[in-house]
Amino acid sequence: MNAPHGQSETDALETAYGQVSLDSKYTLSAGRVFLNGSQALVRLTLLQAERDHLAGLKTGGFVSGYRGSPLGGVDQAFWRAKPYLQAANIHFQPGLNEDLAATTVWGCQQVNLFDHAKVDGVFGLWYGKGPGVDRSMDVFKHANAAGTSRNGGVLLVAGDDHGAKSSTLPHQSDHVLKAAMIPVLFPANLQEYLDLGVLGYAMSRYAGVWVGFKAIADIVESSASVEVSPTRTRIAMPDDFELPPGGLNIRWPDTPLDQEARLLDHKLYAALAFARANRINHTVVNPKAPRFGIVASGKAWQDTLQALQDLGLTHARCSELGIRLYKVGMVWPLDAVGIRDFAKGLREILVVEEKRQMIEYQIKEELYAWREDVRPKVYGKFDERDSLDGREGGEWALPQGKWLLPTHSELSPALIAKAIVHRLVRFELPHDVRKAFSERIKAIRRREELSRVQHAPIERKPFFCSGCPHNTSTKVPRASRAMAGIGCHYMAVWMNRNTETFTQMGGEGVPWIGQAPFTETVHVFCNLGDGTYFHSGILAIRASVAARVNITYKLLFNDAVAMTGGQKLDGELTVPQLTRQLAAEGVSGIVVVSDDPDKHFSSPHARDNLAAGVKVHHRSKLDEVQQELRAKPGTTVLIYEQTCASEKRRRRKRKHPETGKPLYPDPLKRVAINPRVCEGCGDCSVQSNCLSIEPLATEYGTKRTINQSTCNKDYSCLTGLCPSLVTVEGADLKRGVGQARLAQLQQATKDLPIPPFVMAPELLNTSYAVLIDGVGGTGVVTIGAWLGMAAHLQGLEVTVLDMAGLAQKGGAVHSHVQFAPRGKPPGSSKIPVGEADLLLAGDSVVSSQPHTLELLREKAKVVLNTDTVPTADFIHNREWVIPIQVLNEDLDKTLARPAEQVLRVPALQAMQDLLGDTVFANAFLLGVAWQKGWVPLKQTAIQRAIVLNEVQVEKNLLAFKLGRLAVASPLAFQALCKPPAVQKELSLVDFYRELVAYQSVEFAERYRQRVLKATTALKKRGI
């Protein structure tokens, strides 16, 4: 069973895997492809173009919107697919902001109102996160009332962050879209991004409406294997609805009242008829003797399937027990015909939906007129609610209580399972069903108990990257305060930066207008990013100028939209342009502070490009400049110019296609800390606010060192006056290892044995869940992508969900990977409570958090990296240490037999020693886990996935093999590594000799006498 593949079988596998490429998601005409949610939206537009071509239509596509989590990567996905989009006549134009982007999409539906159109129609796609939906409502109402073109159609992709993982508020767009009379589709998985997307375009054309497409983080940020084919989805036209004369599409001229009548009297009913004809909502399980019904949609549908599976309720078992299941694909308007048919014969309905009620209210409205003896009771957010006098009360009639499926936060399979059991146990049930219910609920409660017991008081919060401009720019003078805005600089609110309160995007600083007349505070600062300024922030500055308030906008010009991946601004914006624009707005003072002020004096004309009177200073003068602007009446602007550290790093690695030079200069200057001089005071951390300054254990105590692998050469640590900081100029680090060493490592990792698997890849007959965690920016997401692609190559069902939010900025990151045999897809994209089979633990801090531990099975396997980088606490607390022992105890008490289930390895140190870079640590951990037999995927598939990723392929493959070697032959592995440093206990004689060498015998003798005096006094006291 566990014998290695024969050479012929291996060759056949590699040939099959070699036919898959990263571009297959766009080039494969039919079959299975592996993609994420953003890429699925790209493929949807290509699919629609292909369907139109097959139907004999000559159409174009137009895509516009504005990035923002969970749709932060949509624009990058469309840019990368540009060759395929151009071939399909699909035009991608990111918007300046969301509402202007929506207006451009509205415009694409007007093409065929006029002569000279080059196409039969244009299908449009708008994307934006929840706040962008809110700000675009005026456009949506107008465009939806006007309608869509007959051969066009529009999908409105609303990115909802239900858990506020990367937003200032949790968001739910359903009710907003309802207010605009826009039907709302809610796809439950990535396959439905394609299937429901195609139906959405057809509905939009037929009914003349924009169609909402709800995209939430747990789906759009996941990856999965899906079927693609232009003929997969068949469109059925309604036979129970008659279009009015002239149809329902856009026209001109068209009065507002005519638009309203057409929308309310015909369009929405046409959409409902289309949904019925195409079974967008439908019954999935329909027992002969139904008594209990469950209705769910979107993510909640997948979570409900998972909850039922965990309770032992297969579709067949549900049918036996009289449990009817109804899947809602269009959450508004809800089809009354379908829901009434579903409700017939039921005694009770449980509605499972996230956030505030949308489906539940519609069901209650549709069933209200039924006779009481045939009308089922409907439960959703609340259980029965009785007042003191025994009368039942509705949601708002009685005080809050008896939540069944709360509206706040997010639902989970565990929470849904408890709700299902709570209602179902009131029915007659077989003994084995009740027993299964009891066991699952007990298991959930045992895992949830982990969140309630005391854990180590430590967490890994998101933080500014090493060398981030905001480490310096967000500082304010003593006795001043600042307001936060939207962007990476928002993180200043949980740092010691006197930065408090925030606004929506584009409202930065405006709350001060309402505060200023009523406080003795005469001035505030406000942080504003260049991306936000370009999006809408200029209006905030204009409002402050108009109100004549004393405020200084710190306009953080970092040359990239850093929070969503480092995109360039959607238009031209330079510092000289900013100064001239702001001067024209009437601000009372403008100063530029830069890490490279010389660029503004590099030529005779450079200085003339700035607005008149604008001064330029080095960033070392920041505090002085801020104090000057604070004293200046009116609205002033400090432009803080420094390129995003992450973008510097990316550009330094990339070469100009013509010159071959790096896209950003990489100075041959490094800062190091001499540990023999360092006193561990921590001033370098305070000055720089930098995570690259880490603790260093020495014989002389804990000192400081600079992690050269993560240092971005900001040099702000030099601001202090510490003699231990040393600069090395004209030289660079030794990169990696030499060819001879690589050859040695390759030879050592040849012919490794195939391990005895816990579950052999060939015999995988159930789902298997791998949870990967670590620190943002260290490759956690990459490992998840490798495993997902490997499972896809093997033809398995697979989902991968990356949970990061702001965490890519040095915080906690999780990747949920689940794979299963074909035809048995995992339910929820997130690993349910107590069902992770393997934890690849890249960081002890993240691994010991309650929300990580509760996901593990009691018998889960764990590969734990014992090398832990400090958290941001170390910056401001020089005595801070990671409580490793407590973290280990937290992990161990979660497992049944931790000594057998946990393998601890120093991954960072091993990869630094062997490959010269800690970036390969996660690949090493994966190799360790695979060789232990804990990853039931084929070696050839994993290796092909690494090759497809096209990043440091040779070394990543080698790191994977070194992990295998560490398990297969520990002695051989240890022989390759550097021996661990031995720290001896130093005596007074050792210190005496050190001080003689450092200065003189007299200096050392003074030290010796003082120590002897102190030890004599202590001995007298018995200490």
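## Pairing and numbering

Two strands pair if DSSP finds at least two bridges between them. Strands (E, at least two residues) and helices (H or I, at least four residues) are DSSP runs, numbered from the N terminus. This is a predicted model, where local features need pLDDT of at least 70, side-chain atom pairs count only at pLDDT 80 or more, and totals for chains, interfaces and linings use all residues. Residues are numbered from 1 along each chain as its sequence is written, and side-chain values use heavy atoms, with hydrogens and water left out.

## Strand 16 and its partners

Start with strand 16, residues 524–529. It has strand 15 (residues 482–483) as a parallel partner, joined by 2 bridges. Here Ala482 stands opposite Phe525. Strand 16 also runs parallel to strand 17 (residues 551–557), and 6 bridges join the two. In that pairing, Phe525 faces Thr552 of strand 17. Between strand 16 and strand 17 the chain passes through helix 21 (residues 530–547), a right-handed β-α-β crossover. Right-handed means that, with the strands pointing away from the viewer, the path from the first strand over the helix to the second runs clockwise.

How many residues of strand 16 are buried? The count is 6 of the 6, so the strand is largely enclosed by the rest of the structure. Buried means under 20% relative accessible area, exposed over 50%, and partly exposed in between (1.4 Å probe, protein chains only). In a regular strand the side chains alternate between the two faces of the sheet. In strand 16, Val524, Cys526 and Leu528 point one way. Phe525, Asn527 and Gly529 point the other way.

Axes are lines fitted to C-alpha atoms, for helices over the stretch in contact, and angles run from 0 to 180 degrees between N-to-C directions.

Val285 belongs to strand 9 (residues 282–285). Is Val285 buried or exposed? It counts as buried because its relative accessibility is 5%. Contact means heavy atoms within 4.5 Å. Leaving aside neighbours within four places in sequence, the contacts of Val285 include His315, Cys318 and Ile323. The C-alpha atom of Val285 is separated by 26 Å from that of Ile444, 159 residues apart along the chain.

Helix 33 (residues 907–915) and helix 36 (residues 953–968) have axes that come within 12 Å and cross at roughly 125 degrees. That makes helix 33 oblique to helix 36. Angles under 35 degrees count as roughly parallel, over 145 as roughly antiparallel, 65 to 115 as roughly perpendicular and the rest as oblique. Met911, Leu914 and Leu915 of helix 33 make the contact with Lys955, Leu958, Ala959 and Leu962 of helix 36.

Gln943 lies in helix 35 (residues 939–949). Its relative accessibility is 16%, so Gln943 counts as buried. Not counting residues up to four places away in sequence, Gln943 touches Leu957, Phe960 and Lys961.
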